[in-house]
Amino acid sequence: MEEMKTVNIFKRYKQEENAFTNGLISILSLSTLDNEPLVDNFFRDVLNFPVFGDTKERKFYVLSNTDGTADAGIRGADGCIWFETKIFSGTLREDQVNSHLLKLSQQPESLRRLVLLTPDDSQSLYIKKFCSDKKEIVHIEWRKVYRFLKEFSREKEGILPEIIKQFLTQISRMVFERDIAGIIQKINFGHESEVFADKYLDEMKNGVWDEWRTPRFYKELDGTGRKLLLYDRTRKAITVEIEIAKVVGPDEVDESKAYPWSNQFEKESISILNKPIQLKQIRLVPGFENFGVHRKDRSPYRNITREQYQALKIDEQTGDDN
């Protein structure tokens with residue numbers, strides 16, 4: 001396996017995700033120069049790993065761009081962690097992950113883990129398919145890393161905390177604000193869509209629906225694990241959240257239909273919101289101030305970024321009705 005002999009925070013990469021991997025590993029490496037417990041805390045609080053190796057023994061490295069290698073690693077006494085990093089959701093490849101696992105199994109350390117660091121929801125069925133029954137795999141959301149580093153930099157002063165703050169700005173701008181979590185679809189009730197306001201929620205609960213049909217291809221849903229949020233105009237609220245497994249294009253039979261595109265659900269992912277997300281709550285999310293406003297918002301759907309989705313869900317969880 002090819003490794004960089006030293007981690008360099010200024011190294012340039014053609015792929016953006018490699019730059020983010022290098023940034024994280026470089027920050028962890030630099031923290032050891034100040035005898036900060038950042039790495040040990042990262043193991044415990046973010047990765048939920050037992051701490052292995054002391055500060056002087058650990059090696060931090062970003063792997064070469066050789067095909068088939070993970071993006072980065074940390075090695076210490078009897079422990080080896082590899083990182084596969086993505087900055088867009090739904091972009092993990094099963095063949096790539098399996099290749100990493102095979103090579104990781106050949107390493108001499110007794111503690112071996114492959115960390116999948118992505119913007120995806122760790123509780124999504126998409127991610128669970130990668131992690132189920134594989135103790136060597138751990139999925140970590142970028143948001144969890146962000147919160148951990150933000151808390152550390154808030155309590156400290158000096159060069160390292162300032163570097164971390166700059167890194168956090170990049171994570172926010174280049175990961176959270178660009179990654180599409182899914183869409184908010186305004187339901188068109190009626191015989192043409194075959195969706196009826198007085199029936200669809202009970203039908204969802206009873207498993208009648210396994211897909212959501214749209215008049216055209218919404219590319220923002222064509223990413224494994226993306227969210228479909230259904231906005232009910234009669235109730236003036238988002239009432240349902242569903243994880244989309246895949247999007248299927250129109251076949252010869254469907255081409256004549258008004259809704260030929262099939263957005264197929266992940267089984268068991270339908271969530272009927274006990275507390276629907278009200279319109280006034282949606283409009284609190286940056287970028288959605290004019291959602292549903294007559295003549296200002298005529299689109300049948302709206303993309304929602306990872307940052308906007310998080311803001312929407314935080315308000316839902318806290319019960320903010322302002």
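## Basis of the description

Residues are numbered from 1 along each chain as its sequence is written, and side-chain values use heavy atoms, with hydrogens and water left out. Because the model is predicted, local features need pLDDT of at least 70 and side-chain atom pairs count only at pLDDT 80 or more, while totals for chains, interfaces and linings use all residues.

## Overall build

The protein has nine helices and 12 strands. These elements are DSSP runs numbered from the N terminus (helices: H or I, at least four residues; strands: E, at least two). The C-alpha trace spans about 70 × 45 × 35 Å along its principal axes.

Of the 322 residues, 48% count as buried; a residue is buried under 20% relative accessible area, exposed over 50% and partly exposed in between (1.4 Å probe, protein chains only). Among contacts with a separation of 6 or more, 63% join residues 24 or more positions apart, where a contact means heavy atoms within 4.5 Å. The protein exposes about 16,900 Å², and carbon and sulfur atoms supply 46% of this area. Accessible areas come from the Shrake-Rupley method with a 1.4 Å probe, and for residues only the protein chains shown count as cover.

## The largest pocket

Rolling a probe the size of a water molecule over the atoms shows where empty space is left. The search uses a 1 Å grid over the protein atoms alone: a cavity is a set of points where a 1.4 Å probe fits but cannot get out, a pocket is an open set with protein on both sides within 12 Å along at least five of seven lines, and lining residues have an atom within 4 Å of a point. Grid points are joined across faces, edges and corners, and a volume is the space filled by probe spheres set on the points.

The largest pocket has a volume of about 540 Å³. Its lining comprises 25 residues, of which D121, Q123, E141, K227 and Y309 are the closest to the centre. Two or more lining residues come from each of α5 (142-155), β9 (237-248), β11 (271-278) and α9 (306-318). Helix α9 gives the most, with six residues. By class, the lining has six nonpolar, seven polar and 12 charged residues; Ala, Val, Leu, Ile, Met, Phe, Trp, Tyr, Cys and Pro count as nonpolar, Asp, Glu, Lys and Arg as charged, and the others, Gly among them, as polar.

## The cavity

One cavity of 30 Å³ or more is found in the whole structure. The largest cavity holds about 50 Å³ of space, and the residues that line it include D120, D121, K227 and R306. Its lining has one nonpolar, three polar and five charged residues.

## Aromatic pairs

The structure holds 13 aromatic pairs. Rings of Phe, Tyr and Trp (its six-membered ring) pair if their centres lie within 6.5 Å; planes under 30 degrees apart count as stacked, over 60 as edge-to-face and the rest as tilted. F20 and W142 form an edge-to-face pair, 6.0 Å centre to centre with 75° between the planes. This pair links distant parts of the chain, with F20 in helix α1 (residues 16-31) and W142 in helix α5, 122 residues apart.

F20 is buried at 7% relative accessible area, and W142 is buried at 0%. Together with F167, F20 and W142 form one aromatic cluster.

## Two positive phi angles

N48 is not a glycine, yet its phi is positive, about 55°. N48 lies in the loop between α2 (38-47) and β1 (59-62) and counts as exposed, at 56% relative accessibility.

R295, also a residue other than glycine, has a positive phi near 75°. R295 lies in the loop between α8 (279-282) and β12 (301-305) and is exposed, with a relative accessible area of 65%.
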